[in-house]
Structures are given as structure tokens and as C-alpha cells.
Amino acid sequence: MTLDRAKPLMLPIGALLAFEGWARATHLQSDSLAPPSEIVAALAGALADHSILAATRDTLFATFAGLAIGSFIGLALGIAFGISDTLDRLMEVTVEAVRPVPSIALLPIALIALGFGYRMEIVIVAFACIWPILILSRAAVRSVEPRLMEVSRVLRLPAAQRVLKIIIPAALPRIFVAFRLSAGIALIVAVTVEIAINPLGLGAGIMLAQQALRPDLMLAYLVWIGAIGYALNMLLTVAQRRLFGRAALSGDSL
Amino acid sequence: MAIAAKRQEASVSPLAAPQLAFADATLALGGKTIIENLNLGVRPGEFLCIVGASGCGKTTALRLAAGLYQPTSGAVTFDGQPMLQPRREIAIVFQDYGKALLPWRTAAGNVSLALEAGGISVTERPARIDALLRKVGLPGHAEKYPAEMSGGMQQRLQIARCLAQEPKALLMDEPFGALDAMTRQGLQDEVLSLVAASNATVIFVTHDLDEAIYLGDRVVGLLPHPGRIGIELAVNLPRPRDQLATREHPEFLRLRRQLFDFIKATEQ
Amino acid sequence: MKGGAIIWRVASFAVAAGFIALWQLVANWKLVSPVFLPGPDRAWASLLRGFSSGDLWSKLIGTLEHMAYGWLAASIAGIAIGAMIGSSRPMRTYVAPSLEFLRPLPVSAIIPVAIAAFGLTQGMALLVIAFGAIWPIMLATIHGFAAVEPRLYEVARSLQMSRLAVIFKIALPSASPDILAGMRLSLTVALILSVVCEILAGLDGLGHWVLLSARAFRSADLFAGVILLGVTGYVTSVAMSLAERRLLAWQASQR
């Protein structure tokens, strides 16, 4: 059993060792590559002087602020469209016209309207998060057991109560899946905005390291960003399993 | 009638060497013996039915015959050669037709798969496909996807694909188990006439005792845990068989009683 | 029923037109500074001007080229590697978990690494786009190959099909819904990465165009570029849907 568990680890460990060995044997001099040992050292250094932690805080702040705003808008629209077929059909063309705009294309608009900083990044992240949440929560609301809707009608619940007491709880597992997917997107968009133009957070950090010709630090940032992405996904997957059980994971296919 | 008479002759000739034979075949999977010391020969052109309670290893025996499993000890031979892997001259009709057809190919495309595997040239295929679909009663359905067909039609299609292999032996694993009674009877008669025309050797696994007697030249009943032969009955009923006359024949009723008692005893 | 659908469609377009009219009013009354927000009239005029002078054409083609080359390279490599890993049990045990581990990595983070290695070049951009777009395709292919109905492999065995025939006639078609879904996801990734690379490396394309327009505060040109990017996203995704519907016609009948 332990061997089976170790099997998936053999490839990455082997690759790292081989790379380390190769880098040492050839006395690697490069602007883009560094042996794993130096990457680890650079990461330790950046952790020790808190620079990477501050950058992480900035990136995560923009990620979560954008995620919160985007989720709120996406959820509100998704529930409204899910309940009202009329509204959904009337808005179809508008939604289909705006949705395919790649979030990153808004970057220059946000830049001239809001300047560098958190605000423009948050706006772009929010825009990117709206769509998956909207579409998945709309589908979730539509698939709420019709019996439950009939129950709420028989009970003569007012619309607001119907949403709060019946629809949201019933659709919550699938809405959470949408939220988890959006969180991943939010992080990716935040880092991308920082790499492209915004001088803050992890994206700016990795660009600076590259421009300073510090491949060890650059790759340390890369590893760190990967770890953050992995941890975020892991955290939300565990939360999802805790909150809604394994069944919710089956709604994962996008 | 002539074909039926010939078959009758083949099935009663005890001297013919077996075409497909289990020789002390034993199969263990995951530390559990599923089949133990199975000795069974099937003569060329014979229609052999295997019955038994669920879990007696009848499907496993069929998979051994198909070469999908290798015996742990002993051997399974075909024309005297050990079966080390599946071969094209042995076709297998799976019970779950829904899983055994390619959902992305039309009826014609599914039949074509076997022709492609057999190296039949592109120009020859359409005529053969047409003839095969006609043979199994699916003319005019060539362009339908399996999902657009009923269960009975899908099973006919699977049989057509197996016939496209021009098999010397046809292995059928509860092929009609999931079908309703009417469809099942119709298909039983069609299989009988198709087999008579192709002269293939058949091993037919079923849990339906009436079906086994109705179709077979011989019926073998397996005992469970581990699977081994418990009873062997020769079916001396006239061919061609008839849904009404055969099933009312005294011999049919006698065999049915005998098999029924056997199965009942194994379940205790 | 069909007539009803058309009426809804018309109504839906009317609503969208209403939003554009609202945008026009906001711009006309200068509720937002025209430096940031041009009216739809100015954005439209800029679009026409850009196309008649040919400027916008070349930018559009630039972006489409980056996107298409990167995506095609990713599709071919992704399907090939995915098929290799997905059809072999040892590869699935040893390699696939590492790939799953890398999945949540924000792919744009490799841009600096690519720049360090290849400079601000076209090759760097294509590498980044292909690298970003390969993941959804490759992982979908691995998943699709692993999920092939085992009964079909048995059918293939009893037909004595060759390994190559099994891949092309059984595994690939069976995995095609997954693969196409992956390719659709990758299309979006490819467009976004094309824009980012154009912004960063100053490559000829719409990304560079919108950035320059923003720097010069030519908001009409900026919006023209963004609209064009939206159209690109829309048209490519519609084309992908059509291709999917055609290739997966057999699936429609399954439901």
C-alpha cells in the first residue's frame, strides 16, 4: 500500500533530483533556470524577509475582493434568471454579447478609468467571476426539485422568502461548486493582471525577479504561486466535501 | 429442412472430435476459485447451452472459451490449439449490448468494425453490411445510431457484427436476458435459423431453463462455488424447433423437470 | 413554438439595443468622462475607420494567428500526450497525478520564465499560449481514455484489432466528447494568453492595440478593440459549438 502511495511521487522527485544533478554537473549559468536547491534557498529568503508574504497578501486580497463582488453579482443574476424564464430570455442576447469578452481585454479600460492598484484588479477579477457563477447558479436554480417549488407555492411564501428558504438552500451544493471553480479563475486572473501590468502582488513579484535576472527567485515565486493555487483548490474541495458530502463533487463537470 | 437435418446429424454424432474443449480448466481470480477442473467438449456445429444459478461461473466459462481469460491451470483449446488470446473466428455476443456497441457509429458502422478488423476491402464492405443487416432483420436501419434503436434491435445489431466475423464458433452470454418475452422468443427463432445457416458451433449461456432446452442440442448445468459440471442432458427434440409444438413436447417437459430439480437442489 | 422562439429572440435583441441606447445616453450626457467612456457611436465609428484603413484588420489577424497557432499546437500535443498517458496504466499511475497537481497553477505565471528564456518574441508568445492551452486538452484526453467502456476493449480484443486501430477506432472516438470540451476551454485560455502576451511583448495584435489606445487616452479606439476581442471570443466559441454538434451528432440521440 505504501508503495502504491509513493508511486505518483516518484516522477516529480526523480525529475527534481535529475535536474539538480544536471545543473551541478554543468555549472548551470542561466537567466531562466536554477537548480532546485537554489530555488528552495530563494524561497526561504523571500519568506524570511516577508516580501513574498506581503505579495501573497496583496494578491489574495484582490482575488477575494473580486471573487466576492463577482460572486454576488453572478449569484443575483443567476438566481433571477433561474427563477424567471422571461427575464432569462430577454437578457439572453445581452449576456451572450458581453460574456465572451476576455476578462483581460478590460484591463486597459480599467487602467485608464481607475489607474494602477487594487481597484482595477478587483474589477477585472469580478468581471471574470460573474459568468461561471451566473451560468452554474442559473442551472442549479432550474434543477431545484419542482416539488419543492410547489410546496413553497402551497405555503404561499413571499418571493424573497421563497428564494432564501427554498431555492438557495436547495441549490447551494451546486452553487458552491461554481464558487470553487470561480475562486480558481479569480486567482489566475489576479496573477495575470499583475504580470501584465499592475505593480503589486505575486505577479509583479515574479516579473521583478525576472527583470532582476534572478532565476532562482523567479522560479521560487512560480513554485509559490503554484502552491497557493493548489492550496486554495484543496481548501475549497475539502470545505465542499465537509459541507455537502461527496455527492456534491459529482456536479463537477463544467 | 435439409439444413436442420444436417445439424441433427452433426449433433448426434458422438465420434466427432470436439472443436472447442475445456481440459481440466481451472480459473482463480483474486484468490477465489471460480471454475474448477472443467472438462467439456463442444463438437463442430453443436449448439450447447450452459445453465446454472447466478454466480456459478457460467459467464466466466464463456469468457475462458473466448480467450478473454486465461485458465490458471488446465487448458482451453480450439481446433486443438490452446486459446492464448481471443481470435476472430470465435465471436462473442455480450449480454449488455448497450455497452458493447460503438455509440458513435451507425448500425452500418458497427458492423463495419468487424469487417475492418478482418481486413475486408472498402469496396466490399457496403454489400456485406447490407446483407448482414438484412439477415438479422434490420434492413433500413443502417443509418441509425444504437441509441436510436430498441434493446432488441441493438442485440440484433451485435449479432450482425459477430456474424460479420464469419465465426466458426459463436459464444452468447445471456444475450436475451434484458429483453421482454415477445422480443426474446422472436430472437430465439432467428438465432436458430441464423446458426443453422452458418453451421457455427454455439455456446449459449442463459439462466432461463426453457430457453436452454428450446435452443440446445445439449444442456450443461453448472454447480456453484466453484463452478463445475453438475448435470449434462442431451436434447433429442426434432428440429426445426417451434415455439408452441416444441415447448409442449413430452420430452421438453421431461427435460425441463429434470433441469428444474437440479437447479433447485443447487440452490439449497 | 418556432414562431414564439423568434419573438423571444427579437425581444431579447431589443433589450440589448436598449442597453446600447442607455450607454449612448450616459455618454451624451457626459455622466462619465468621455476620456474613459466613448459612446457606442464613437466606438462604432472607430471600428469602421480602423477596418477601412486596414489597421484593425492586421491587429485582428495578428491576434487570431497567435491564438490559432498556439491552440492548434496545444490540441495536437495535448491529444497525443494525453492518449499516450491515458492508454497506459503505468503512465496513469506514475505521471497523471503530477499533471493533476499542476492543474490549478495559474499558467500566466510561466510568462516571466518564458520571457527569461526566449525574450519578448513571437516564439515566446506561442510557447506560452500553447503551454497554457495544453492542460485542459491533455487532462480531458487522459480522463476520456481512462473512461472508455471496458466492454469495448473486449470487443476490440475479440476482433483482434491492432493497438493503433484500438486507439483510433475505439478510444479516441469514445473520448471525443471530453477532448472537445477540453479544446473549448482551451480556446478561451488561448485568447486570454494571446492578449496578455501581446500586451507584455508588444506583439502585433489587438492586445497591443488596446494598450496603446489606453496609453494615448483614445477611448473610442480602445472600445473598438475590446468589442473586437469580444466578437473574436464569441465567433470562435460558436464555431467550436458547431464543430462539436457535428462531431458529436451521435450523442444527441443518446439523451
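Of the 2 pairs of chains in contact, which chains share the most contacts? The answer is chains A and C, where contact means heavy atoms within 4.5 Å. Chain A and chain B, by comparison, do not touch, and their nearest C-alpha atoms lie 17 Å apart.

Before I continue, a word on conventions. This is a predicted model, in which local features need pLDDT of at least 70 and side-chain atom pairs count only at pLDDT 80 or more, while totals for chains, interfaces and linings use all residues. Residues are numbered from 1 along each chain as its sequence is written, chains are lettered from A and ligands numbered from 1 in the order in which they are written, and side-chain values use heavy atoms, with hydrogens and water left out.

I turn now to chain C and chain B. Their contact takes 17 residues from chain C and 27 residues from chain B. Between them the two chains bury about 2,100 Å², 62% of it on carbon and sulfur atoms; buried area is the accessible area (1.4 Å probe) that two parts lose on being put together, summed over both. C:Arg151, C:Leu159 and C:Trp250 supply 28% of the area that chain C buries against chain B, more than any other three residues.

Which elements give two or more residues to the side of chain C that touches chain B? They are helix H8 (150-158) and helix H9 (163-201) of chain C. The largest share, 6 residues, comes from H8(C). Helices (H or I, at least four residues) and strands (E, at least two) are DSSP runs, numbered from the N terminus.

Finally, consider strand S7 of chain B, residues 169-173. Because 5 of its 5 residues are buried, S7 is largely enclosed by the rest of the structure; buried means under 20% relative accessible area, exposed over 50%, partly exposed in between (1.4 Å probe, protein chains only). S7(B) pairs in the parallel sense with strand S6 (residues 90-93) of chain B over 4 bridges, and 5 bridges join S7(B) to strand S8 (residues 201-205), also in parallel. Two strands pair if DSSP finds at least two bridges between them. B:Leu170 is the bridge partner of B:Ala91, and the bridge partner of B:Leu170 in S8(B) is B:Val202.
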